[in-house]
Amino acid sequence: MTQLSLLALSPLLIVSLTSVVVMLAIAIQRNHALIALISMAGLALALAATAGVWLTAAAPSALTALLIIDRFGSFYMGLILIAALATCALSYSYLARYPGRREEMYLLLLLATLGGMIMAAGAHFASLFVGLELLSMPMYGMAAYLVKERRSLEAGMKYLVLSAVASAFILFGMALIYSEWGTMIFGEIGAQLAVALDDAPLVLLGVALLLIGLGFKLSLAPFHLWTPDVYQGAPAPVVAFLGTASKVAVFALLLRYVVATHAAQDSALADALSLLAILSIIAGNVLALRQLNLKRLLAYSAIAHFGYMLVALISSGPLATEAVGVYLLTYTVTTLAAFGVISLVSSPLEREAEALCDYRGLFWRRPGLAAILTLALLSLAGVPLTAGFLGKFYVLGAGVDQRQWLLLGAVVVGSAVGLLFYLRAMIQLYLSPASAADLPAGVPASAGAVPASLGAGTGVLIVLLLLMLALGVYPSPFVNLAQGAGLSPETGVPVLTENR
Amino acid sequence: MMLLLLLLVPFIGGLVCWHLQRLDPGQARSVALGTMIVVLALALALWLTGDYSQTLLPLAGDPPGHWVQQFSVPWIPRLGIRFSLGLDGLSLLLVTLTALLGVLSVGCSWREIHTNAGFFYMNLLWNVVGVMGVFLATDLFLFFLFWEVMLVPMFFLIALWGHDIPGGRPRLYAAIKFFIFTQSAGLVMLVAILALVFVHYAASGELTFSYADLLATPMSARTAFWLMLGFGLAFAVKLPLVPFHSWLPDAHSQAPTAGSVILAGILLKTAAFGLLRYLLPLFPAASAAFAPYAMALGVLGIIYGAVCAFGQNDTKRLVAYTSISHMGFIVLGVFAGTQIALQGVMMQILAHGISAAGLFILCGELQERLETRDLRKMGGLWARFTNLPQFGLFFILASLGLPGLGNFLGEFLILLGTFKAHPRLAMIGTVGLVLSAVYSLILMQRTFYGKPGTEAPIPDLDRREFAILTTLAAVMIWLGLYPRPFFAVSRAPMQALQSQYAPAATEPGEPATVREIP
């Protein structure tokens, strides 16, 4: 192993090493603050290493058949690491008053992060599966972390069962493809697909199964049924991770697969993806309309957002990978901020602050948190000057570039419907504060003084707020970053011939 | 640099108001008033110092002109987006109108807003920022950004400080309806903008959102038609053109007075501005092809708004429907596209801004005093006030188009300019003038005349309210009696627009008529 490949692997190595250190530290002495600190230091170091890889890996280099280290991978690794860092800080604030064992959360988080990073760099079915399982297994534990709480346990169980089924689908799909063509490398599959899909029914079935499995993980409609329940039951910081890092990893892998195998050029597959996109956009937005629970609402909103991202993916023009990169970046920042606010007003001891009425008048009690949540909701709705608008702009751009008018129509209609519930949720924050008697029991943090342990979470939220604003107001550096992370070699500006 | 100040001053003023929310909410209104006065002074300074005989659009045969003032810095170079502002006579008039109504809307909220005043004035000022941005932007991305951003503060104004009329729908409903209508139509415009940019890219190899570059984009008639519809939808909803109007009466009846003033006085005008600045110059041929339908919708709006206004029992809803009727004239004039009609449109924009603002302020003052807006509970108010009814009569007469006041001039010029090319539509439009007399007089009759329920006097206008209404009335008379300074400022942009649009609008062979207004 040369020095260069060691450097290329260093983010993965650092995270693995950190998880071992954390495990040992827990064995020696349980110290919540120390463990959190070690984890965050490790993640930060890995983030720095990722930046190093970005700078050195101008050209993609294959490390074994399993991993490809390139700017695309390091961009998404960076996103996952940022999400993990934010989750660490939020968990620290959230768990500070939890009486049970707090330290294992960080261990699980580190392992899941490692899995996600492997997926971001994976270009092989083996790395797909290893990464996916390494990502999912700790997530079950994280979702069920508050084991004494029925809702948390339920969320964990639900996620475990459905996720395992999805993994089985993926495994079977990969097996079918392998049985036909004898290769598990994305690039080689692409070469085969280009010549001989029609006379390979097994492969078609395999691809379909693969798609279904990934659809489960991304909570695309109609495979979305687990999402609202898990979002509602799992602790808020865990949902922040689940909603961002785990989906970024899966989507990055899907993107790499689709681009490497030219899958979007295949009309049958493109049609299937289009159907998934439209269904997700409609189901997500329409089902969110009736939610009175903020976490469930955000779950449905996530379904719709991955529908929007699929639109960019299907467009597959030169803008597509850049659009997905920008969208995932804005989505990650926004979702982390929204769940960050929820974690800070919630407490593991009691019921989480999740009903919309818990947030009534938050602006007049805690203006900072309310302003961040407002911005996050506006950003999810795609209002200009927030991060979300940039993402939506890119998705529309990618769609217009490839003249996907049907999908664009779905995005426009979906956004219009989406506004309804985002605005309804947002205005709750500003309505005249409910009197103390009206406040449901179990929202202590919203009224009392800010405990010191909230410091970490608050700091993260401020950073996220600044990021959201920066992405909306001065997106140029981020756009260049996402452009650098494009996949196809000819990432120039789009080419469009006029429709005559 | 002056242009940037027009945006920065109210933005910073808004920030200050937000902080005063915590420190001393009582001071917020003074800060807001001061801010808006500075903005008005800036606008007037621009008026006095600039030479408005130029605009970007070329006159027939002339080389392209230039903005009177401009400001441009790169913003997102990767996508060819610049932060660029530009000013010509058209934008100057609208900027000044915005600044004036901004000052007055702070004034008319002086006593109405008690709760969370700091946050209220922040929203008011930021709304002004958004509107100013729409008028000044010369980059399509920036234009769209401001177009959408101005909705958010207005949403808050309606949702948080609005009125819940008993028996009516809640104000949140009105606010969300307003937002969804305008934002989703805006998204369609965004798709059209992107398509235009890509079409331009395909033709020239340059990715740019700059207004000046996109002007002469070569495209097929079919593409142009669809893109024109995309832009047109956003403007039609905002204008509002029947059948996209249903958000307006709801938004108006629930909005606080200042919200109504801004909404009717300025926000609707952004759509008229959009037609003049973007739709016609970018797609002259497609607009001309679509003109008969657009004008028919405009005429429909004139009649429909007037008829609906007649049937209302809520004063603010009534005035809202009259706005639909008056905006119908603007559509008629814009698509007629003759020099006279376009100058009439400009006058109508200003005059309607002033008269609608006056009427909404009066409605607000009546509501403050009577605690109702129901016409059935009014009547005989003339006897119970000393000054207010006179102002009422004045603005109602202005709205029905009394010669000597601005609205008359606007509507007359529009009809005159339309008549030559489209005599039938102009004739039907003229019926609107008659109908406007009907609803205006009914409004007057039902509020101020008749037998009073009680004789008890009601507190009359205080000095602040008197000053606001006097200012509006004075501007109105000025517009009606000595419109030349306004016409002089808007002449260059209107002439240029006409010379772009007329060749497309008239049949080949028939020379385009360019007629001067002295």
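**Exercises on a predicted two-chain model**

The buried residues of helix 2 of chain B are covered by elements that include helix 1 (2-23), strand 2, helix 3 (89-108) and helix 4 of chain B. The model is a predicted one, in which local features need pLDDT of at least 70 and side-chain atom pairs count only at pLDDT 80 or more, while totals for chains, interfaces and linings use all residues. Residues are numbered from 1 along each chain as its sequence is written, and chains are lettered from A and ligands numbered from 1 in the order in which they are written.

**Exercise 1.** Find which residues of helix 2 of chain B are buried, and compare the span of this helix with the expected one.

*Solution.* Helices (H or I, at least four residues) and strands (E, at least two) are DSSP runs, numbered from the N terminus. A residue is buried if 20 or more other C-beta atoms lie within 10 Å of its own, exposed if 12 or fewer, and partly exposed in between, with C-beta atoms placed from the backbone. By this test the buried residues of helix 2 of chain B include Arg29(B), Thr35(B), Met36(B) and Leu46(B). The expected span of a helix is 1.5 Å times one less than its number of residues; helix 2 (residues 25-49) of chain B has 25 residues and reaches 37 Å from its first C-alpha to its last, close to the 36 Å expected.

**Exercise 2.** Repeat the check for helix 4 of chain B.

*Solution.* The 20 residues of helix 4 (residues 117-136) of chain B should span 28 Å, and because its end C-alpha atoms are 29 Å apart, the two values agree. As for burial, helix 4 of chain B is mostly covered, with 20 of its 20 residues buried.

**Exercise 3.** Describe how strand 1 and strand 2 of chain B pair.

*Solution.* Two strands pair if DSSP finds at least two bridges between them. Strand 1 (residues 69-76) and strand 2 (residues 81-87) of chain B pair in the antiparallel sense over seven bridges, and Gln70(B) stands opposite Gly86(B) in strand 2. The two strands form a hairpin with four residues between them, and Gly80(B) in the turn has a positive phi of about 70 degrees.

**Exercise 4.** Locate the cis peptide bonds at Pro222(A) and Pro243(B), and the positive phi values of Ser219(A) and Arg403(A).

*Solution.* Most residues other than glycine have a negative phi, and most peptide bonds are trans. The bond from Ala221(A) to Pro222(A) is cis, with omega near 0 degrees, and Pro222(A) lies in the loop between helix 8 (201-218) and helix 9 (226-233) of chain A. Ser219(A), with a positive phi of about 50 degrees, lies in the loop between helix 8 and helix 9 of chain A, and counts as buried because it has 26 C-beta neighbours inside 10 Å. In chain B, the bond from Val242(B) to Pro243(B) is cis, with omega near 10 degrees. Arg403(A) has a phi near 55 degrees and is partly exposed, with 15 other C-beta atoms within 10 Å.

**Exercise 5.** Work out what chain B contributes to its contact with chain A.

*Solution.* Two residues are in contact if their C-beta atoms, placed from the backbone, lie within 7 Å. The contact takes 30 residues from chain B and 30 residues from chain A. On the side of chain B, the largest share, 16 residues, comes from helix 7 of chain B.
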